[in-house]
Amino acid sequence: CETSISPNACVIVNDKPEFLGVTDILKINTQNTLDLLRQELEIKKGELEEKWHFSSLEKIFIEERIYRDIEECETWEAVLEAIDTGLEPFKKLLKREVTQDDIFRLTEIKIKRISKFDTFKADELLKGIEDELEEVNNDLENIVDYAINYYKNLITKFGKGKERKTE
């Protein structure tokens with residue numbers, strides 16, 4: 001009964017051992033969690049922006065019939081130049097510059113995909129991506145609320161089938 005117990009724990013902070021209390025450990029872990037969630041949201045945002053960019057390029061490429069401009073081209077460089085020239089009036093509508101890789105990806109679109117292209121469906125896809133982007137931006141602005149909801153949803157996301165078996 002007379003043995004004293006220290007509530008401090010020795011943890012590594014910035015590659016050095018430190019003795020911290022429970023409150024300090026919780027603060028550090030909470031900040032680390034917020035940073036990780038922010039990074040995760042930034043990655044998701046980047047992926048959505050990339051998806052929006054290519055979907056927009058594809059829509060312009062098919063709706064404006066830029067693929068017809070490459071029919072007379074005899075060299076690969078001429079094909080790439082024709083696509084780039086055809087996209088020129090629409091580049092201001094895009095959120096980033098059109099790269100050589102974007103143009104390569106446009107040349108890989110199959111004829112079947114072009115013939116079955118549905119403008120309404122493409123608009124719905126773009127709208128869905130924009131909604132997701134807006135949600136991600138909102139989560140980034142309210143990262144603390146996002147983190148709280150993240151923890152609340154862990155049990156529903158990963159808890160099915162793993163209920164407690166003892167009492």
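**View 1. Helix 5 gives the lining of the largest pocket its largest share, three residues.** The model shown in this and the following views is predicted. The pocket has a volume of about 230 Å³. Its lining is made of Ser 55, Glu 58, Arg 113, Lys 116, Phe 117, Asp 118, Lys 121, Ala 122 and Leu 125. Sorted by class, the lining holds five charged residues, three nonpolar and one polar. A probe the size of a water molecule, rolled over the atoms, shows where empty space is left.

**View 2. Helix 2 and helix 3 cross at roughly 105 degrees.** Packed helices are described by two quantities, the angle between their axes and the distance between the axes. Here helix 2 covers residues 76-87 and helix 3 covers residues 100-107, and their axes come within 10 Å. Helix 2 is therefore roughly perpendicular to helix 3, because angles of 65 to 115 degrees count as such. On the side of helix 2, the contact is made by Trp 76, Val 79, Leu 80, Ile 83, Asp 84 and Leu 87. Helix 3 contributes Gln 100, Ile 103, Phe 104, Leu 106 and Thr 107. The residues of this contact divide into eight nonpolar, two polar and one charged.

**View 3. Strand 1 and strand 2 pair in the antiparallel sense.** Strand 1 spans residues 9-13, strand 2 spans residues 16-20, and five bridges join them. Ile 12 has Pro 17 of strand 2 as its bridge partner. Val 11 stands opposite Glu 18, also in strand 2.

**View 4. Two residues lie between the strands of the hairpin formed by strand 1 and strand 2.** In this hairpin, Asn 14 takes a positive phi near 55 degrees.

Terms used:
Residues numbered from 1 in each chain as written. Predicted model: local features only at pLDDT ≥ 70, side-chain atom pairs only at ≥ 80, totals over all residues. Heavy atoms only, no water. 1 Å grid on protein atoms, 1.4 Å probe; cavity = no way out; pocket = protein on both sides within 12 Å on 5 of 7 lines; lining within 4 Å. Points joined across faces, edges and corners; volume = space filled by probe spheres on them. Helix = DSSP H or I, 4+ residues; strand = E, 2+ residues; numbered from the N terminus. Nonpolar A, V, L, I, M, F, W, Y, C, P; charged D, E, K, R; others polar. Axes fitted to C-alpha atoms, helices over the stretch in contact; angles between N-to-C directions. Parallel < 35°, antiparallel > 145°, perpendicular 65-115°, else oblique. Contact = heavy atoms within 4.5 Å. Pairing = 2+ DSSP bridges.
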